[in-house]
Amino acid sequence: MGSKKKSRPGRQPMVVRVKKAHINQDSGGGSYVLQLAGAGLCDFFYYFWKGFKWILLTGLILTASVALYFFLRYGDTYRQYEKEADQLVADSKAEDFRMDEITYIYAEDGGEIAELSSGNGRSSYLEYDEIPKAAVDAFVAVEDRSFWRNIGIDVKGIVRVIVDYVSGNSDNLAGASTITQQLSRTIYLTRERSFERKIKEMMIAIRLTRKYSKEEIAEYYINTACFSNGIYGLEAAAKAFFDKSASRLSLAQTAYLCAIPNRPEYFNPYKHPERALDRKDKILSDMYETGYLEKAEYEQALREKIQIKKSAGEFYNYETTYAVYCAVEYLMKLHGFEFRYEFSSEDDYKEYLESYDAAYNLEKKNLYAKGYRITTSLKTDVQEAVQQMLDNNLAFATSTDPQTNIYELQGAVTVIDNTTGKVTAVVGGRSQENLVDVYSLNRAYQSHRQPGSAIKPLVVYTPALMMGYTDRTTVYDIDVEAAQQPGADVSGMSGPSMPLRSAVEQSKNGVAYSVFNDLTPVYGLSFLTAMKFDKIVPSDYTLSASLGGLTYGTTTVQMASGYSTLVNQGEYRDPSCLTSVIDAYGKELYEEEEAETVYTPQASSQMLDILKGVLTVGTAKNIDWAGESELAAAGKTGTTNASKDGWFCGVTPYYSVAVWIGYDTPKTLESLYGGSYPAAVWKDTMRYLTEGLPEIDFN
């Protein structure tokens, strides 16, 4: 064939194979086709590898670059996390996983208000061989199928979550938490959703797995899992919800209980007993799928009906629930939770609430289990007296809810000592003998209601006085309905004129609306967020807020605190009832917060002077405070549309008291307005509080 022509570099394999195929084509058509196909396939892989190796090399370079970047930027942080995890687990001991220390809460005089226990105690702690096998199998099947063989983290699960996130099948990186990770988070970390916390969680989980056996980790997890309502551990949950020991639970009951720790509040059997049923069935299905159950026992468990034992009530008084709330929030602050009072959107607010609830539940667990000694500013005698004031003034309303037998017409009262800024008494509803369920809702801090005109001094008039208004400034009572029409020029509207003082005394809505328009909602509501009103959301930033038109509303604790701020020359102090928090080792943890300036002293004093007229010539004159006392007093009534909520918030130099009256499910009570029942409760309460004290004026 003569000398071969040199082919171009990179094409030689193709030329050679084609020539060979050409030479041998006479050996048979089928053979020729196979040879040609083989040559083409070889060429395909040749070029594929030639291109792929550059892609692979580029990927390796990029990976190395990213790794180097993270190492240089976060290397020190990672090593710090690693060091902390090493030390944490090295110092850990079995006692860390026992939830059995009792916390005591005391009144101001040292009298015990309550004992808090996790419901666990030494007698309720289950050693591994005492835990029903079905419970261990249930948690493994639904929470962590790789538990018995993983290193504390589930690498495949983590990869799966990341792939789902990148591919768009999931919108977050949550999930893939092993049982050991959950134990790490419960005992040593918070439930905040952050990349840093996840890294710490995994580091601790890996080290716990090295130190403890899988049986020990399962034991610790099941004894520290939260089953809602301050109940920790399977044994305590079995006794609380089924009135029996865990060893006597049926398979269906075990699966039902194992459903709760996933979302304790959502699956709360006392509030929503039906919610855990679907998850109970999923757990049974997972147990059957993983081979922990035979078909017959699986089907039998599915058919079993679940009956929850009725709650006996968590607490028996309102002061305890409020003290717990204050203590839990203080522990949250102590352990780094960042409280927020301004939000960019409703989604932002809901996301914050989720993180708040998670942190709150975690610290509440710690409060019940870690043996704190908590002293409060609450006065037992004042608490009892104020409770009686509320009960007496609402005694005429005897109708009850047919489902709960609790009085339908309710109320709440908060008393703050102006000298200390501390809560002295907090009444969350009417008392009823032999009915402990009455205390399950503390309306004084848990029920946010529309405050009506009682909010005006805080968001409209005191801010206006800071902006140059005076009690003699001429203002106009515009038509609010007309002002609320689309396109209305509120600043150009007019109406009957009067001095600002008269507008406050007579609670003129048109004036408040007009002045608030001048101030702007952003400016006016900034005073509420500065005083930690916790449910001010983006939808509240409208002119209707000047009249108390808020999405969620306010509480008597918040309103009393706001008015106390006026008495204290514009200095805001957190309305807590805590004075001391001592841990199980005797260390004092409580530090008083510094007061913060919200209003100017001049504006605060002017506002109080104006508010005096509400009780003498204004909307609360009928209670005749001046006829019975020479002690200076100031206040403001509040009534919402259709008389669904009635408020009176008032102060003397000694105390600030906020009163709310209404129905839990809002409905009209024609005789309800701020100057009626709320003002009467306020008057009786303030007369009791100030009896025998010097009759002085405000500073």
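Here are some questions and answers about a predicted model.

Visitor: How are residues numbered, and which pLDDT do local features need?
Guide: Residues are numbered from 1 along each chain as its sequence is written, and side-chain values use heavy atoms, leaving out hydrogens and water. In this predicted model, side-chain atom pairs count only at pLDDT 80 or more, totals for chains, interfaces and linings use all residues, and local features need pLDDT of at least 70.

Visitor: How many helices and strands does the chain have?
Guide: Both are DSSP runs, numbered from the N terminus: helices are H or I, at least four residues, and strands are E, at least two. The chain comes to 25 helices and 13 strands.

Visitor: What share of the chain is buried?
Guide: Buried means under 20% relative accessible area, exposed over 50%, and partly exposed in between, with a 1.4 Å probe and protein chains only. The chain has 699 residues, and the buried share is 50%.

Visitor: Which strands form the edges of the open sheet of four strands?
Guide: Two strands pair if DSSP finds at least two bridges between them. The order is β2-β1-β3-β9, with mixed pairing. An edge strand pairs on one side only, and here these are β2 (112–116) and β9 (578–582).

Visitor: Which residue of β9 is the bridge partner of I374?
Guide: Strand β3 covers residues 373–376 and pairs with β9 over four bridges, in the antiparallel sense. In β9, the partner of I374 is V581.

Visitor: At what angle does helix α13 run to β9?
Guide: Axes are lines fitted to C-alpha atoms, for helices over the stretch in contact (heavy atoms within 4.5 Å). Angles run from 0 to 180 degrees between N-to-C directions. Helix α13 (residues 318–334) lies across β1 (103–106), β2, β3 and β9, and its angle to β9 is about 65 degrees.

Visitor: Why is strand β13 largely enclosed by the rest of the structure?
Guide: Both faces are covered. On one side Y655, V657, V659, I661 and Y663 are buried; on the other, S656, A658, W660 and G662 are. Strand β13 (residues 655–663) is largely enclosed because its buried residues number nine of the nine.

Visitor: Which residue in β13 is the bridge partner of Q410?
Guide: Strand β4 (residues 409–417) runs antiparallel to β13, paired over nine bridges. The partner of Q410 in β13 is G662.
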